Amino acid sequence: MREHFELRRGDALGRIGALTVPRAGRIVETPALLPVINPNIRTVSPARLEAEFGAEALITNAYIIRKTADLRERAIAEGLHDMLEFSGAIFTDSGSFQLAEYGEIDVTTREILEFQHAIGSDVATPVDVPTPPDAAREAAEVDLETTRQALADAEAVDTGEMLVNAPIQGSTHLDLREEAARHADATDLDVFPVGAVVPLMNDYRYADVVDVVAAAKRGLGADAPVHLFGAGHPMMFALAVAMGCDVFDSAAYAIYARDDRYLTVRGTKHLDDVDYFPCECPVCAANDPTDVRAAADDERERLLAEHNLHVSYGELRRIKNAIREGSLLELVETRARGHPTMLDGYRALLDHTAEIERHDPASKGAFFYCSAESARRPEVVRHHDRIGRLDAPARLLVTAGSAPSDDYFDAAWRLLPPFGPVPRALSETYPFTAELPDRTDAAACEAAARGVAALVDANPATDVTVAHDDWPASALALLPDSVTVERLGARRDRDDD
Ligand SMILES: [Zn+2]
């Protein structure tokens with residue numbers, strides 16, 4: 001177990017954790033958001049971030065500080081915390097981003113780590129090579145070798161109490177991501193950023209983000225804190241947390257504000273297109289869009305940046321609350337309705353249901369069936385995997401109605417979409433207390449039919465009758481041939497004769 005990261009509560013692959021940052025003397029609760037502070041531009045001062053927004057941590061760029069003579073001198077003389085006026089945990093980046101942008105930088109991992117240590121960084125970064133998405137495999141492999149060397153160099157530097165990132169690269173080659181993660185996990189480094197995903201997010205490729213994170217997670221131990229590098233849009237926080245990301249950084253709050261863009265949990269709006277602010281934050285409560293549009297450039301930028309930060313922190317609080325309640329997947333499902341590409345992301349997450357199921361808590365508050373995607377949730381898969389362990393009697397009725405009046409059957413279980421057969425004794429336990437719409441969709445019935453098939457598979461000697469409530473043909477087609485099928489309406493019709 002990594003001593004500096006403690007898991008406190010989980011839901012799907014999401015978790016509330018405690019990241020101990022010894023050099024800052026702080027325990028940062030995760031999921032955590034690090035606002036990006038450009039050392040040259042202060043849209044919202046770090047002191048205000050701490051006092052008014054509750055920021056426990058931020059990230060700034062050690063490479064820029066080192067390159068800028070006056071900043072470098074001040075940082076060395078005063079230390080980052082005094083220079084920025086921030087007492088929380090300060091993460092620093094190394095210039096890898098500049099390396100990716102401009103092709104080369106004039107600093108080694110040893111030099112930049114020693115510099116980060118000298119200026120009082122709490123969590124530092126070596127010079128890894130961010131390989132963009134869709135890179136040729138050979139190029140990604142060559143870059144990975146350099147990153148691997150950077151991690152080895154980082155391990156050799158005496159960094160004292162400072163934590164050090166072990167970035168995971170590999171472009172969109174999922175096996176390379178997994179291998180890179182396994183390698184990073186085996187180092188004695190501390191925090192694990194999944195790198196070079198910003199181009200994917202800029203292109204709304206959330207399904208690819210999910211696959212890349214899932215690959216990295218497969219290579220990492222459950223106790224590894226994961227930072228989704230460059231992920232700052234609150235729209236995708238819930239999805240990323242559900243995949244197991246613990247730390248985010250937002251440059252978006254400031255960059256978007258500069259372009260008059262207003263962040264929401266459902267996407268981005270341009271200030272010109274907003275007639276009413278759909279938000280409860282202090283900025284939106286005190287101003288209307290006309291006021292903000294009329295404000296001077298720097299004032300407008302500051303107001304939008306503050307709103308963007310409020311939305312981002314608000315979403316993180318909502319996510320933590322959802323983890324506590326066990327309703328994180330319901331929140332992801334809600335966010336998935338904000339944009340079709342987010343729905344792709346959620347569907348991609350459900351492709352990893354088997355991995356999620358291994359970590360998902362067995363009991364939560366309540367399962368809300370809110371869309372066809374709910375039929376693919378880990379709770380459904382878990383029931384189907386375990387249904388063979390239930391003792392099925394010789395003659396079993398699985399019914400969407402009440403138990404039959406005759407005693408032909410040895411037992412009558414519930415036919416409960418999307419789970420399938422559920423013994424009545426389990427009816428009051430999670431997830432079978434699920435709330436479902438009365439107008440059940442085909443996906444829920446099909447999932448229930450797969451549950452019946454799993455039961456029949458495990459109990460070939462059992463004589464199974466399924467009494468359904470007008471299921472669609474697509475679900476009936478999934479029932480094994482050995483099952484006797486009755487429609488409940490038909491049964492009632494016959495009883496009435
Ligand atoms: Zn607002």
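Biologist: Where is Ala196 found?

Modeller: Ala196 is found in the loop between β9 (192-194) and α9 (198-202). The labels follow DSSP: a helix is a run of H or I with at least four residues, a strand is a run of E with at least two, and numbering starts from the N terminus. Two words on the ground rules. This is a predicted model, in which local features need pLDDT of at least 70 and side-chain atom pairs count only at pLDDT 80 or more, while totals for chains, interfaces and linings use all residues. Residues are numbered from 1 along each chain as its sequence is written.

Biologist: Why does Ala196 count as buried?

Modeller: A residue is buried if 20 or more other C-beta atoms lie within 10 Å of its own, exposed if 12 or fewer, and partly exposed in between, with C-beta atoms placed from the backbone. Ala196 has 28 such neighbours inside 10 Å, so it counts as buried. Its backbone deserves a look too: Ala196 has a positive phi of about 60° although it is not a glycine.

Biologist: And Tyr204, what is its phi, and why does it count as partly exposed?

Modeller: Phi of Tyr204 is near 60°, again a positive value in a residue other than glycine. Tyr204 sits in the loop between α9 and α10 (206-219). With 18 C-beta neighbours inside 10 Å, Tyr204 falls between the two limits, and therefore counts as partly exposed.

Biologist: What is called a nonpolar core here?

Modeller: A set of buried Ala, Val, Leu, Ile, Met, Phe, Trp, Tyr and Cys residues joined through C-beta atoms within 7 Å. The largest such core has 115 residues, and those with the most contacts inside it are Val197, Val213, Leu239, Ala242 and Leu328. Helix α15 (residues 297-325) gives the most to this core, with 10 residues. A second, separate core of 29 residues includes Ala375, Ala434, Ala443 and Ala448.

Biologist: Which residues are in contact with Leu328, leaving aside neighbours within four places in sequence?

Modeller: Contact means that the C-beta atoms of two residues, placed from the backbone, lie within 7 Å. By that rule Leu328 is in contact with Asp11, Ala12, Gly14, Ala238, Val241, Ala242, Ile319, Ala322 and Ile323.

Biologist: How do you know that Cys279, Cys281 and Cys284 go with "binding site"?

Modeller: That comes from UniProt, where an unreviewed entry lists Cys279, Cys281 and Cys284 under that name. Positions are given in the numbering used here, feature names are shortened, and annotations may be inferred rather than shown by experiment.

Biologist: What makes β14 and β15 a pair?

Modeller: Two strands pair if DSSP finds at least two bridges between them. Four bridges join β14 (residues 395-399) to β15 (residues 411-416), and these strands run parallel; Val398 stands opposite Trp413 in β15. Three bridges join β15 to β16, which run antiparallel, and Leu415 stands opposite Pro421 in β16. A hairpin through three residues joins β15 to β16.

Biologist: How is the protein divided into domains?

Modeller: Into domain 1 (5-355) and domain 2 (371-487), with bounds from an automatic or database domain assignment. Their centres, taken over C-alpha atoms, are 43 Å apart. The contact takes eight residues from domain 1 and seven residues from domain 2.
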